[in-house]
Structure formats: structure tokens, C-alpha cells
Amino acid sequence: EYKVYIFLNAHCISAQQRSRIQSLRRDGRILVFVHAPGIVGANSAADAIKDVTGIAVQPLPEETQLLTSPTEGEHFLLRRLDGLLGTGTLSGPAFEVKDANAVVLGTYPNGNAAVACRDFGKWKSIFFGGVGICEQFLHNVAQWAGAWCVAEPGDAVYASQHFATIHALFAGEKTLRLLRPSRVTDLTTGKVLAARTPTIT
């Protein structure tokens, strides 16, 4: 039971998998679909993508670089983005968002709508037409869903209700936000760093 589900390589979806995806459309969840979900074996790739994501798209006439840049706007998912939404440099079949009820968040290099979200009330859908989602966009998605975000994006963080570790990929001071105020013990020394704290720096 998660708040966010990300489907990275769902080009081929069985009937059973499609049914399971449909069952996730509830409880305010966010479902994120990357590139072209459900297109393998479909009579119409655009119809298959709409069936899976709920967002209407149309195929672009030629292969497109699957790089995505953010649009201008005030949507929560566009917060703190710098330059690119997706880091992929592959080219391939691409699909442009054509949904009047969706909010366009990003474009391909040719200017066509590549990334969009749609709020269905009981659930939210994100169609990400490119590949290689940037860490800040994923962080924004998690925050939008109300998920527990342990740290700022950029470092590798592993956490549960009982322990947290960070593999710092960049230098500097790091602050971890705990799920709830907790006692913090350094696992390497056994020293209690805080008796009860919501964060550790």
C-alpha cells in the first residue's frame, strides 16, 4: 500500500497486470507512467496509453529525442526544477499529450507536450513521455503524494521506521527528516546522538 507507484518499463502489460493497475486508482494515489505504457500488441498505441494512464496522447510522426524540459508554470511538480525533467538522450517513438483536462509539465526538444499530470479526484496520473526522470521531479512527486521524504534529492538515502543511512553523492551538510520524533543512535559507535528528535544533521 504505497502513495506513489512508478511504472518504468511497462510497454507490455498483460490483462492481469492491467487489472491490478486499475485497482490502484484510489485513495489519492499517484501513478507515474514512463514513455509508452501498454503499447506492445495494441491496435492503437495512443488508445493503449490513454487506457493505462487516463491521459489522451497522439503519436508524433517521427522518432523524437526523448529528452524533456519543464514548462513555465506554478504547478507544485515544477518546483525547484533546473533545466531538465528527464535526462535520457535516446531517440524513439514519442507521444504528445493531447488532453484538455491534463496539465502539461514538460516538452520534448521539438516543443511538443511530453509530460503531463491529471487529477481524477480519487487518484492522480502522470504521463512522462521521455525517459530518465530527474531526481528533483521524483522528489516533487513524492511530496505531492504526501509521502515521507527523508532528505533533499541528490544523495542515496535508505530508510525505514528503524534505521536511516545516507550515501552522500555530494559534499555538504545533510539533514535527514525522521518519520516521527525518534531516538537516534550512531550504528558505528553506539552513541546516542539524540534522545528524541524529528531531524538529524
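**Entry 1: helix 1 to helix 2**

I began with charged pairs and found D51 and R18 joined by a salt bridge, 2.8 Å from N to O. D51 belongs to helix 2 and R18 to helix 1, so this pair ties together parts that are 33 residues apart in sequence. I note that the model is predicted. D51 is partly exposed, at 37% relative accessibility. R18 is partly exposed too, with a relative accessible area of 22%.

**Entry 2: helix 2**

I stayed with helix 2, which covers residues 45-53. Which of its residues are buried? I listed A46, A48, I49, V52 and T53. Looking down the helix axis, I see these buried residues within an arc of 160°, so they line one face of helix 2. What do they pack against? I find helix 1 (15-23), strand 2 (29-34), strand 3 (57-59), strand 7 (95-97) and strand 10 (123-128). After helix 2 comes G54, and I noted its positive phi, near 85°.

**Entry 3: other salt bridges**

I counted nine salt bridges. Side chains of opposite charge can pair when their charged atoms come close.

I checked E152 and R177, a salt bridge whose closest N and O atoms are 3.4 Å apart. E152 sits in the loop between helix 3 and strand 11 (156-159), while R177 is in strand 13 (residues 176-185). They are 25 residues apart, and the pair links distant parts of the chain. E152 is partly exposed at 38% relative accessibility, and R177 is partly exposed at 27%.

I then checked D155 and K174, whose side chains meet in a salt bridge at 2.8 Å, N to O. D155 is in the loop between helix 3 and strand 11, and K174 is in the loop between strand 12 (164-167) and strand 13, so the pair ties together parts 19 residues apart in sequence. Is D155 buried or partly exposed? At 17% relative accessibility, D155 counts as buried, because the cut-off for buried is under 20%. K174 is partly exposed, with a relative accessible area of 22%.

I also logged a network of salt bridges that links E1, R26, D27 and R29.

**Entry 4: aromatic pairs**

I searched the whole structure and got four aromatic pairs. One of them is F7 with F33, a stacked pair with 5.0 Å centre to centre and 10° between the planes. F7 is in strand 1 and F33 in strand 2, 26 residues apart, and the pair links distant parts of the chain. I find both F7 and F33 buried.

I looked at F128 and F137 next. F128 is buried at 0% relative accessibility. F137 is buried as well, with a relative accessible area of 0%.

**Entry 5: G130**

I moved on to G130, in the loop between strand 10 and helix 3 (135-145). G130 counts as buried, at 0% relative accessibility. What does G130 contact, leaving aside neighbours within four places in sequence? I recorded V34, H35, L66, T68 and Y108. I also checked L90, which is 40 residues from G130 along the chain. The C-alpha atoms of G130 and L90 are separated by 8.8 Å.

**Entry 6: nonpolar surface**

I6, L8 and L138 make a nonpolar patch of about 240 Å². I6 lies in strand 1 (residues 4-7). I6 counts as partly exposed, at 38% relative accessibility.

Key
Residues numbered from 1 in each chain as written. Predicted model: local features only at pLDDT ≥ 70, side-chain atom pairs only at ≥ 80, totals over all residues. Heavy atoms only, no water. Buried < 20%, exposed > 50% of the residue type's maximum accessible area, 1.4 Å probe, protein only. Helix = DSSP H or I, 4+ residues; strand = E, 2+ residues; numbered from the N terminus. Arc of directions from axis to C-beta. Contact = heavy atoms within 4.5 Å. Patch = residues over 30% accessible without salt bridge, like charges linked within 9 Å, V, L, I, M, F, W, Y side chains within 5 Å. Areas by Shrake-Rupley, 256 points an atom, 1.4 Å probe, with all protein chains shown as cover. Salt bridge = Lys/Arg side-chain N within 4 Å of Asp/Glu carboxyl O. Phe/Tyr/Trp six-rings, centres within 6.5 Å; stacked < 30°, edge-to-face > 60°.
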